[in-house]
Amino acid sequence: MSGSSSHDVVQARDVTGGIHFHEQSKADHGSGSANPTPRQLPANVRGFVNRTDELDQLNAVLTGEGDDPLVVSVYVIAGTAGAGKTSLALRWAHQVRDRFPDGQLYVNLRGYDPGQPVTAQEALHRFLAALGVGAPSVPRDLDAAAALYRSLLADRRVLVVLDNAATVGQVRPLLPGSASSLVVVTSRSRLSGLAVRDGARRLTLGTLPEREAIALLRTVTAGYRPQDDEQQLAELARLCARLPLALRIAAERAASDPHMRLADLTADLRDESALWDALSTGDDEEAEAVRTVFAWSYRALPDQAARLFRLLGLHPGPEFGLNAAAALTGATTSRTRQLLDSLVGAHLLEQTAPDRYQFHDLLHAYSIDQAQHEEPPEERDAALHRILEWYLHSADAAQSWIAPAEDHLDLAAPPEGVRPLSFADYDAAVDFSEREHTNLLRAVHTAAAAGADRLAWQLCAVLWNAQFPSAAGADWLGVGRTGLEAARRFGDRAAEGLLCTDLGMAYARVNDLDRSLECHRSALQIWIALGDRLNEAHSLNLIGLNHLRRRRLDSAARRFEQAIAVFQEQDSALWAATALSNLATAHYRAGRLQDTATVIEQALTAHRDLGNQRGEGNILSLLSGLKREQGDTEAALAAAQSAVDIALALRNLRMEGYWLLTLGDAQQAAGQFADALTSYQRSATLHQRLGDRTRQACAWHGVGEVYRRLDRHPEAADFHRQAAATHHDIGDVWHEALALDGLASALRDKSPDAARRHWTEALRLLADYDDPRATATRDSLEHRLAESD
């Protein structure tokens, strides 16, 4: 089970700016740009014609050149379904993207898709990731995430395209709030609230004028058909309600049958229209015209292509890959590619990348409808199980690379016709996990809704181990609860215990330690009832880590000792060594240095015997702190440098950032102040990118200590103040108290009253701790307060 190692205990949710390091190199050892420039626009629209007046209206928001202010900061392109709103927005966006040098952000909010729309929180996570924010740094609170987003865009000139928005609530948190960036929104709604409150300008996109509709038909059919009669083209355009989506589908049908007279094609469409007229209420002529064209084009498909179109409506999401489509039908990938090409050619499907496809929301709804009405129930059920099994087994293969130390579920062989993916390396597995993340999440809900409880809980459990590294911590929580409910319905107690464990770790990642502890205790009860000693030990270890994060150090130590005994009983040497490391950490944080030394020696020997470099580095970092407190600065430096060298060799930035804190502490103790500042700066930079606010603030605290030693008290106060504020924000009481102590020490000479207030507050924060280190720290604070009177 993952999450059992002490160096991965602390995670946080925000990135905080405002701190500047002095006299330090700005080089970042090649670990990536802190301010990436996103280029998220989908490909430009091919065969785009007309809409020149509308393009001119959009161009009118740009004044002058370069950094000149925009006329408006929000532009809404409204119009009926199929009117070409997205095509217009993307056409214009590509034409003017050079006017937005700091990047272009794009999201399809899927406000009208049959499935769940993309929430503002989900869109913010994608945008913040594209802007360089680590996933754990994205606040769970919508307002806080929106504030962070606005801060990052405050001095940038960015074009933001929000496609297919259904409500103002989807849009407003995604507005940058500055006059230098522009947001273009497409919607079937007028979104009047944006005009009233946010000063948005609106362009209402109607159907094409007859002449432009005919021009679009001619553009698509050019080179395939002789010059068709203009009157007949006008009639075809009328039957398509002169909507670009319907016109392109009809034109593609005409182009694919160049020898059939246009009059016959039009008559066929007219007959289809009469059928729909008989079935409809007549309330929405444009919608009926679109459905007529869909049905007309769909019925012209070969049987196998029509079946694929129907079955794609069963896919958990509107966007999918070639191999997933092949799993739905049970056909080979080569045959499926041919059928997909037929659907793309008929404009019933859009190809977004090599072997990647998506539906227009109207066509997705139509596909679902056709599956429900034309596909036999047993065929629908078989196809749904094939696609869910394909995702399950493909994610299981990705887990082998993403989380190789984790046990695999005992899965049944995939059904006939299902050929799961395999991956050549770690990067390929992560690419799959990132690309299919939304579909995997939806697959859990789809399985549960279909009553496939075994698939639901297995998909959930495998996904936990196969998530890509930058996945948002909160993403999995919703499906985790769904998977746990499915496991309970299925009556599998071991599955229930596993998902309780995973949920406990997931809650810890978002700093909900109360729910995390509740889940781990539930899992522990299940493992005890089942007599599963190894998983019992894992739960004991994880409960110990929960206590460690809360600084309940005696309770943490007891749990670690219990876990070690069971791991040793079960001959699980790796996890016994890991729990030993955690026990050493608990002793060290409590200030029990002799106990720390004894356990460190045992753990270091165990990790070296196992060849576990990561575990060895963690213990070396702890050993460095121990030696520093014992006054052996030379040994402290050597141990810390060895730990950092291990992190560099493993190319593990999280471990490097954490162990650089220890190296900075040792360098500071040795009087190597310039080196210490370099270590702390590198650590702070890495932790900002990794999204670990606690450890970033610890690095700031270290810098503050160095500046105090250098008698640069104003700068020291800045760093301590920022560290204290960050620790306060995330509820890290212990480190907040230490930072307040540092701040008070920096202010003592020039602001003695403020210093006393900070020491008093630090004492209040530490009042409930009774371990030796806390007692010694309180004694020291009381002594400084007494001296300051």
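Predicted model: local features only at pLDDT ≥ 70, side-chain atom pairs only at ≥ 80, totals over all residues.
Student: Then how do helix 18 and helix 20 lie to each other?

Tutor: Helix 18, residues 437-449, and helix 20, residues 475-490, pack at an angle of about 30°, and their axes are 10 Å apart. The two helices are therefore roughly parallel to each other, and their crossing is left-handed.

Student: Which residues make that contact?

Tutor: Helix 18 contributes His437, Leu441, Val444, His445 and Ala448, while helix 20 contributes Asp475, Trp476, Gly478, Val479, Thr482, Gly483 and Arg489. By class, the contact of helix 18 with helix 20 divides into 5 nonpolar, 5 polar and 2 charged residues.

Student: Moving on, at what angle do helix 25 and helix 26 cross?

Tutor: The axes of helix 25 and helix 26, the latter spanning residues 593-610, cross at roughly 155° and come within 8 Å of each other. Angles over 145 degrees count as roughly antiparallel, and helix 25 and helix 26 are therefore roughly antiparallel to each other. Helix 25 passes helix 26 in a left-handed crossing.

Student: What sort of residues meet there, by class?

Tutor: On the helix 25 side they include Leu574, Ala577, Leu580 and His587, and on the helix 26 side Val599, Ile600, Ala603 and His607 are among them. The residues of this contact divide into 13 nonpolar, 6 polar and 1 charged.

Student: Changing topic, how much space lies in the second largest pocket?

Tutor: About 1,800 Å³ of space lies in the second largest pocket. Its lining has 50 residues, and those nearest the centre of the pocket are Asp665, Cys698, Trp734, His735 and Leu738.

Student: Which helix supplies the largest share of that lining?

Tutor: Helix 31 does, with 8 residues of the lining of the second largest pocket. At least two lining residues each come from helix 23 (533-549), helix 25 (573-590), helix 27 (613-629), helix 29 (653-669), helix 31 (693-709), helix 33 (733-747) and helix 35 (772-788).

Student: How does the lining divide by class?

Tutor: The lining of the second largest pocket has 16 nonpolar, 19 polar and 15 charged residues.

How values were computed
Residues numbered from 1 in each chain as written. Heavy atoms only, no water. 1 Å grid on protein atoms, 1.4 Å probe; cavity = no way out; pocket = protein on both sides within 12 Å on 5 of 7 lines; lining within 4 Å. Points joined across faces, edges and corners; volume = space filled by probe spheres on them. Helix = DSSP H or I, 4+ residues; strand = E, 2+ residues; numbered from the N terminus. Nonpolar A, V, L, I, M, F, W, Y, C, P; charged D, E, K, R; others polar. Axes fitted to C-alpha atoms, helices over the stretch in contact; angles between N-to-C directions. Parallel < 35°, antiparallel > 145°, perpendicular 65-115°, else oblique. Left-handed = near helix turned anticlockwise from the far one by under 90°. Contact = heavy atoms within 4.5 Å.
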